[in-house]
Amino acid sequence: MARNKREREREEGGEKHVGLLRLAQILTYLVVFAGGVVIGLTTSSHINSHFTSQPYQSISVRNVAALHQPNCSAPLPVPPPLDMGAFLHPLNLTHSLSDEELFWRASLMPKKEEYPYKRIPKVAFMFLTRGPLPMLPLWERFFHGHSPLFNIYIHAPPRYHLNVSHSSPFYGRHIPSQDVSWGTVKLADAERRLLANALLDFSNERFVLLSESCIPVYNFPTVYRYLTDSVHSFVESYDDPSRYGRGRYNRNMLPDIQLRHWRKGSQWFELNRALAIYIVSDTHYYSLFRKYCKPACYPDEHYIPTFLNMFHGSLNSNRTVTWVDWSMLGPHPATYGRANITLSFIQAIRNIGSLCRYNSEMTSICYLFARKFDQTALEPLLNLSSEVMNF
């Protein structure tokens, strides 16, 4: 009996011990929970007091959603529509394109032959100058009344400003230019830069390179018809076996450009649009001229004549439409001034006494322009223009 009594007492003591442990655990949980509530209330009170003390309104979920909702009452700015006119005929010649960007843009050629508008082909008159245009009044008279049929582009030294009236066809016709050195590849760079800027206008179909010493020897209607009706371009390109021709060839151009390809010609060219695009699109062959055609090799006399002979000879007349007098046998042609300007002199340029091929026929009109003329020639040329040149 005593043994059973001790076992019951031990069991009762164990149960009391377990109960005390559970009570201690419950009290611990209560203490922790109460502490968490106190800490949470204290923190929440601190945060609320912080934000309510700021000069901003409290942000609610509704306010956050409202921030992301568009303001339907204020119309969104409408982007300008794609202007076909500005794309086809840029009015402002100023741009910030590099030569590489410009040539890429100018090389774009539509695959679709039909134009989505009534296209009137224009002639781009490209003046490569060292500054002033001494023959400006003569050219203004030549262009007068024919503005729908031509565009003018001037490549002058970057710091030069041509001072003309707003009514002049030369007003605002400077293209972004770079300095040019005679006899270097920079001269050919300027020619390509003129072509590329003129190609930005899709109305330009023929491209004439002129200098400040050039004059027209026929009136505008005659020049326009002669160029726009021609199936050929007018780039002088011939094989000169002398040291001034083949002697300038550099064998480092092999195998791409061979001696049999090499040609020479006047830099004063006239091109149709297709050939102009081919020239500004070329990188490979022009880089060879840039690298290996250095004085006494002149890229402006060899690059275009050689390039056209290699790839587009059938599209070229192999003659120039700009008369020049090389009878002086020097590095530069003869220059004419006041004393040389007579009626018979101009008539002799207009009709040289021989025929040249135009399309499939022979014609006595071989030269449309002439050079070189200095500023003293202007007055007598103006006096003769209506009588001899019919403008």
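In the predicted model, the buried residues of helix α8 (buried: under 20% relative accessible area with a 1.4 Å probe, protein chains only) are covered by elements that include α4 (99-106), α6 (185-199), β3 (204-211), β5 (270-272) and α10 (299-311), where contact denotes heavy atoms within 4.5 Å. Helices (H or I, at least four residues) and strands (E, at least two) are DSSP runs, numbered from the N terminus. The model is predicted, with local features requiring pLDDT of at least 70 and side-chain atom pairs pLDDT 80 or more, whereas totals for chains, interfaces and linings use all residues. Residues are numbered from 1 along each chain as its sequence is written, and side-chain values use heavy atoms, without hydrogens and water.

Helix α8 spans residues 273-281, and its buried residues are Arg273, Leu275, Ala276, Ile277, Ile279 and Val280. At the start of α8, a side-chain oxygen of Asn272 lies within 3.3 Å of the backbone nitrogen of Ala274.

Ile279 is also among the residues lining the largest cavity, together with Ala188, Glu191, Arg192, Leu195, Tyr303 and Ile304. Two or more lining residues come from each of α6 and α10, and α6 gives the largest share, four residues. A cavity is a set of points on a 1 Å grid over the protein atoms alone where a 1.4 Å probe fits but cannot get out, and lining residues have an atom within 4 Å of a point. The largest cavity holds about 30 Å³ of space, the volume being that filled by probe spheres set on the points.

β6 runs parallel to β9 (residues 369-370), joined by two bridges, and Trp323 has Ala370 of β9 as its bridge partner.

Methods
Two strands pair if DSSP finds at least two bridges between them. Buried means under 20% relative accessible area, exposed over 50%, partly exposed in between (1.4 Å probe, protein chains only). A polar contact is a pair of N or O atoms within 3.5 Å; within protein, one must be able to donate a hydrogen and the other to accept it, and residues adjacent in sequence count only if both atoms are side-chain atoms. On a 1 Å grid over the protein atoms alone, a cavity is a set of points where a 1.4 Å probe fits but cannot get out, and a pocket is an open set with protein on both sides within 12 Å along at least five of seven lines; lining residues have an atom within 4 Å of a point.
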